[in-house]
Amino acid sequence: MAFFLTHSPIHHHSLSLFTKFFLSTKPKTLIFLSSPSPKVRTFSSLTSTISISEEPPLQQISQDKLFIPPETEILTEKPPRILKGSNIVLSKYARDAQIISAEFVKSSVETDACPNDGWPEFALVGRSNVGKSSLLNSIVKRKKLALTSKKPGKTQCINHFRINDSWYLVDLPGYGYASAPGELRKDWNKFTKDYFLNRSTLVSVFLLIDASIPAKKIDLEYASWLGQNQVPMTIIFTKCDKRKKKKNGGKHPEENVQDFQDLISEYFDTVPPWIMTSSLTNQGRDEILLHMSQLRNYWLKH
């Protein structure tokens, strides 16, 4: 997998203002948050409201383990709002998060062929069979917007989905599917890498990691490559509803998430934003939408 380990030049979008929020102080061990009776807040959108459960205040998690969005000040007298099942602090830019419309626009096999209207976009990528299409369908609440398949490697293009006629979700080819022909894997890697480095409207890559199994080397390599090239990234842990039996040597999703964070800490100067999700239960859906909205609205302003 030399593609993920090769150092490449950093292009214009990678040096956005988001970059500095991924590259500051060195993180320590990640602390998971829990709350027996979390607060519930609502965030108005264009058509309805999103209700979220908040995690405990800052006193129960150290500030260096949080993702603090741009222009968000942490005050000791006023604890921040932290999205449930994540390390993400909500900012003033978390608005208009609800999805009103979603439609497939086009598939492309090179970056230059992607839509050129200048709208912000979020790219979903992950190891084949990580549940990427299922998560995309869960986010937009459409069963077949992105076709799912039991056969890994189905997505072979850069697929753009227009959301609310104002921004895009982008479904990228899965990586690590060993049964795919060598030349096909090479092509996927080439145009995906080019997209990451040269797509000026890319706000953030959402890297999907299967939390129901131990960390995979290829996932660590992918996260490392994104970090080396300063591509803004959010880690989305999938399949967090699956519970392995301890007697069979399995770990709970929370333990696998913890292990992954520990392993990538050597690659990042600060812990990237992360969210725990489940397409089956829709866990993390509202949190993803709020996180996207605050990144997107900040990106549009600047």
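Me: Why is C157 called partly exposed in this predicted model?
Reply: C157 has 22% relative accessibility. Buried means under 20% relative accessible area, exposed means over 50%, and partly exposed is in between, with a 1.4 Å probe and protein chains only. The value for C157 is therefore in the partly exposed class. This is a predicted model, in which local features need pLDDT of at least 70 and side-chain atom pairs count only at pLDDT 80 or more, while totals for chains, interfaces and linings use all residues. Residues are numbered from 1 along each chain as its sequence is written, and side-chain values use heavy atoms, with hydrogens and water left out.

Me: What makes C240 buried or exposed?
Reply: C240 is at 3% relative accessibility, so C240 counts as buried.

Me: How many disulfides does the structure hold, and what would count as one?
Reply: A disulfide is a pair of cysteine sulfur atoms within 2.5 Å. The structure holds zero disulfides.

Me: Why is S107 called partly exposed, and where does S107 lie?
Reply: S107 counts as partly exposed because its relative accessibility is 38%. S107 lies in strand β3, residues 102-108; strands (E, at least two residues) and helices (H or I, at least four) are DSSP runs, numbered from the N terminus.

Me: Which residues does S107 touch, not counting those up to four places away in sequence?
Reply: S107 touches C157, I158 and N159, where contact means heavy atoms within 4.5 Å. S107 and F161 are 54 residues apart in sequence, and their C-alpha atoms are 9.3 Å apart in space.

Me: Why are α4 and α5 called oblique?
Reply: Helix α4 (residues 217-228) and helix α5 (residues 253-264) pack at about 50 degrees, with axes 10 Å apart. Axes are lines fitted to C-alpha atoms, for helices over the stretch in contact, and angles run from 0 to 180 degrees between N-to-C directions. Under 35 degrees counts as roughly parallel, over 145 as roughly antiparallel, 65 to 115 as roughly perpendicular, and the rest as oblique. α4 and α5 are therefore oblique to each other.

Me: Which residues of α4 and α5 meet?
Reply: D219, L220 and A223 in α4 meet F260, L263 and I264 in α5.

Me: What makes α2 roughly perpendicular to α6?
Reply: The axes of helix α2 (residues 132-140) and helix α6 (residues 285-301) cross at roughly 80 degrees and come within 9 Å. That angle makes α2 roughly perpendicular to α6. In this pair, L135, S138, I139 and V140 in α2 meet R285, I288 and L289 in α6.
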